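Please read this report with the sequence and the three-dimensional model side by side.

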Amino acid sequence: MLKLENIEAGYTRQTIVLRGVSLEVPQGKIVTLLGANGAGKSTTLKTIMGLIDDEPRKGSVTFQGNTLTHKDTESIARSGIALVPEGRGMFKDLTVFENLMLGAYHHTATAQSTLQDVLKRFPRLEERKNQHAGTLSGGEQQMVAIGRALMSRPKLILLDEPSLGLAPKFVQEVFNAIASINAEGVSVMLIEQNAKKALEIADYAYVLEHGRIVLEGTGAELRENENVKELYLGMTHVPDSGVGRFRRKRRWN
Amino acid sequence: MSLEQAIRLLIIGIEVGSIYALVALSVVLLYRTSRVLNFGQGELALLACFLTFTLTSRMGVPLWLSFLAGLAASAVAAGAFYFFLMRRAKAQDPMGLLILTLGFSLFANGGLSLLFGVDNKQMPGFVDVIETWQIGNFSISKNSVLVAVAGLILMIGLYFFVQKSKIGLAMRAVSQNPEVAKALGIPVNVVLVSSWAVAAILGSAAALLLAPAISLNPSLMLDPLNKGFAAAVVGGMTSLPGAVLGGYLLGIIEAYVGNFVPAFKLALAFILVILVLVFRPHGLLGEKETRRA
């Protein structure tokens, strides 16, 4: 459905963040992209959405067979891709209702019925409808951000660290929401710090390091991978004594 | 000061204040959506005035029609200026853009002077500026009332446009978070072109209301623009209600102070600006802005 081929991108001519990234999000699946801070995860999403001027400098992005590379963000969004931005991207001085309606900017005809679906999915937002988004808790704001993305009836939804900074209760709620949105047929590309949760719901996963995909596989495969365990799942095994105490050299292949 | 004089000064203050408020609104609207000040605002307003003047006084077009044509012309010119120059400018930092509008202002002023002349012209108005209404032994200038009422109607119109219309909602979204607005598929360019156009309409309406009372020449908007900027700073650069408050406040204070110490009138606005910047830099109604590095 979404396909990235050999994407090279950065922010200025001197810096390069993505050094040839290829990945794919198949129809109806959840794909997660793991990686440390600065690996290029957000840059990947921004490149897909066309948010960085004149990028990618090499490679191509295709969505349902159409090239998105170098198209403007508005038409990329209108082609059926919705972004849940990093840090939730609230319009803080606008009400929850206004935030949601902005998601349906080009979908006036279906806005009311989609709004009912979104409020059914997140009943908490119904009560908060006329409050300014800035007064909501982080978890509630994340629901607004996801709801706003759904307002455009997307075929693919891109989530940039949706669980970051949320209380554990909300983290679970967000992952449940992602799973149920996917169950209704929306493809998902998920960027997460919470690798454990992400790998649980992901059909397929990629590991990004220094702008390169260093590992890929199904969620289950990656959960069993020693490097992923150590780096992303925090399961380090350090022997009490002997040669193993030295930092193990990491090889991806 | 007699009560009668106090009321007379209040009416003058409100009249002048509505001009300042309209200019301040145009400044704030533009600042909020595109983070830039437009020094060319005065020339856009001049374009509207000269066009209205030429259509009415030279070609005999009805005043209201040439009034609308003037507003439309400045709206189109502002939209085009944004779309063809500001948007494409490689210097996307606020300072570079500011200089660009300054250059446009100087260029346009020269162009308008060349086209329409620098002599004083008598701008036709909807009412005769010397006509008054008599209430007992008290007289009110018809023009003052017209200016105040028209200003109020425009401000209410702007309120509904920004708060209730779809494009107004998009404007508020773009002013808060342009990148997210873009990612949601909101046509940011359409939003910015319309906010430039609306700002130009506000500024031009102020000029068209002001011009009949004084004479029309290329420096018509110099003083109102300075005062409008001052009113915007006093009210808070990010607040539309603040611009209205700042405009009326400045107009009224100026009327009273100017009555007693005429020499002080010109400096007053900037003394207010200095006081606000020292004691309340975000303005009366503006929000404290935390600047990102």
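## The largest cavity

The residues that line the largest cavity of this predicted model divide into 8 nonpolar, 5 polar and 2 charged, where Ala, Val, Leu, Ile, Met, Phe, Trp, Tyr, Cys and Pro count as nonpolar, Asp, Glu, Lys and Arg as charged, and the others, Gly among them, as polar. A cavity is found on a 1 Å grid over the protein atoms alone, as a set of points where a 1.4 Å probe fits but cannot get out, and a lining residue has an atom within 4 Å of a point. The volume of the largest cavity is about 90 Å³, a volume being the space filled by probe spheres set on the points, which are joined across faces, edges and corners.

Of the 15 lining residues, A77(A), G103(A), S152(A), L184(B) and G185(B) lie nearest the centre of this cavity. Helix 2 (73-78), strand 6 (81-84) and helix 6 (138-150) of chain A each supply at least two residues of the lining, and the largest share, 3 residues, comes from strand 6 of chain A. Helices (H or I, at least four residues) and strands (E, at least two) are DSSP runs, numbered from the N terminus.

A pocket, in contrast to a cavity, is an open set of points with protein on both sides within 12 Å along at least five of seven lines. About 600 Å³ of space lies in the second largest pocket, and of the 27 residues that line this pocket, I12(B), E15(B), V16(B), L210(B) and K265(B) are the closest to its centre.

Several elements of chain B give two or more residues to the lining of this pocket, among them helix 1 (3-34), strand 2 (138-141), helix 9 (222-235) and helix 10 (240-260). The largest share, 8 residues, comes from helix 1 of chain B. Sorted by class, the pocket lining has 15 nonpolar, 7 polar and 5 charged residues.

## Where the two chains meet

Contact (heavy atoms within 4.5 Å) joins 19 residues of chain B with 22 residues of chain A. The two chains bury about 1,900 Å² between them, 63% of it on carbon and sulfur atoms; buried area is the accessible area (1.4 Å probe) that two parts lose on being put together, summed over both. Side chains of opposite charge can pair when their charged atoms come close. The count between chain B and chain A is 1 salt bridge, a side-chain nitrogen of Lys or Arg within 4 Å of a carboxyl oxygen of Asp or Glu, and it is formed by E98(A) and R172(B), at 3.0 Å from N to O.

On the side of chain B that touches chain A, helix 6 (166-176) and helix 7 (178-183) of chain B give two or more residues, and helix 6 of chain B gives the largest share, 7 residues. By class, this side of chain B has 10 nonpolar, 4 polar and 5 charged residues. I167(B) has its place in helix 6 of chain B, and it touches Y105(A), F161(B), V190(B), V191(B) and S194(B), not counting residues up to four places away in sequence.

## Local details in chain A

Over all chains the count comes to 12 salt bridges. One of them joins K41(A) and E161(A), with the closest N and O atoms 3.5 Å apart, and this pair links distant parts of the chain, since K41(A) is in helix 1 (residues 41-49) and E161(A) is in the loop between strand 7 (156-160) and helix 7 (168-183) of chain A, 120 residues apart.

The peptide bond from E55(A) to P56(A) is cis, with omega near 0°, and P56(A) is in the loop between helix 1 and strand 4 (58-63) of chain A. Q64(A), although not a glycine, has a positive phi of about 50°, and Q64(A) lies in the loop between strand 4 and strand 5 (66-67) of chain A.

## How to read the values

Residues are numbered from 1 along each chain as its sequence is written, chains are lettered from A and ligands numbered from 1 in the order in which they are written, and side-chain values use heavy atoms, with hydrogens and water left out. In this predicted model local features need pLDDT of at least 70 and side-chain atom pairs count only at pLDDT 80 or more, whereas totals for chains, interfaces and linings use all residues.
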